[in-house]
Amino acid sequence: WKGAVEAILGGDPVQLIGCGCVLSFPGCGMQYWHSDGTHQGNSITSFDTDTADTATTTDDDGNNTTTTTATPIVAPPHAICVFCPIIDLTEETGHTEFWAGS
């Protein structure tokens, strides 16, 4: 498994740093939306100023306001969370939802 994870994360050596289990009993409520892992420090490392957009607006009094919007550059991935259900996930048993791109 380490070779596959190393390839996904760019070839750097990896290590198992945690293992956990989620247990839900019949009839328990829904979980709240949450992240299964933490971000590495402040994940936004810089901003791409080459693609920045600048807009100037003028209010009713003639005052100009300039706003610059740049695309954030985020830190590279540093961890992988793996989900392995041990039962069939159905509407009756409940299911896990994933946010694409998260």
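Guide: The account that follows begins with the basis of the model, turns to the cysteines, and then places them in the chain.

This is a predicted model, in which local features need a pLDDT of at least 70 and side-chain atom pairs count only at pLDDT 80 or more, whereas totals for chains, interfaces and linings use all residues. Residues are numbered from 1 along each chain as its sequence is written, and side-chain values use heavy atoms, with hydrogens and water left out. The predictor's confidence in each residue, pLDDT, runs from 0 to 100. Its average over the chain is 77, and 84% of the residues score at least 70. Confidence is highest in helix 1, with a mean of 84, and lowest in strand 1, with a mean of 72.

A disulfide is a covalent bond between the sulfur atoms of two cysteines. In this model a pair of cysteine sulfur atoms counts as a disulfide within 2.5 Å. By that rule, the number of disulfides is zero. Cys 19 takes part in none, the nearest cysteine sulfur being that of Cys 21, 8.4 Å away.

Cys 19 is exposed because its relative accessibility is 80%, and Cys 84 is exposed because its value is 59%.

The wider chain provides the setting. It has one helix and two strands, in the order α-β-β from the N terminus. These elements are DSSP runs numbered from the N terminus, with helices (H or I) of at least four residues and strands (E) of at least two. Of the 102 residues, 3% count as buried.

Several residues illustrate individual elements. Ile 8 lies in helix 1 and is exposed, at 58% relative accessible area. Its C-alpha atom is 9.9 Å from that of His 78, 70 residues away along the chain. Gln 15, in the loop between helix 1 (2-8) and strand 1, is likewise exposed, at 62%. From Gln 15 to Ala 79 the C-alpha distance is 9.7 Å, across 64 residues of sequence.

Thr 57 belongs to strand 1 (residues 44-58) and is partly exposed, at 48% relative accessibility. Leaving aside residues up to four places away in sequence, Thr 57 touches Asn 63, Asn 64 and Thr 65, a contact being heavy atoms within 4.5 Å. Between Thr 57 and Thr 67, 10 residues apart in sequence, the C-alpha distance is 8.3 Å. For the chain, 44% of the contacts with a separation of 6 or more join residues 24 or more positions apart.

Finally, Ile 87, in the segment after strand 2 (64-74), is exposed at 51% relative accessible area. Together with Phe 83, Ile 86, Leu 89 and Phe 98, Ile 87 forms a nonpolar surface patch with about 590 Å² of accessible area. Patches are made of residues with over 30% relative accessible area and no salt bridge; nonpolar side chains (Val, Leu, Ile, Met, Phe, Trp, Tyr) are joined within 5 Å and like charges within 9 Å. A salt bridge here is a side-chain nitrogen of Lys or Arg within 4 Å of a carboxyl oxygen of Asp or Glu.

Conventions
Buried < 20%, exposed > 50% of the residue type's maximum accessible area, 1.4 Å probe, protein only. Areas by Shrake-Rupley, 256 points an atom, 1.4 Å probe, with all protein chains shown as cover.
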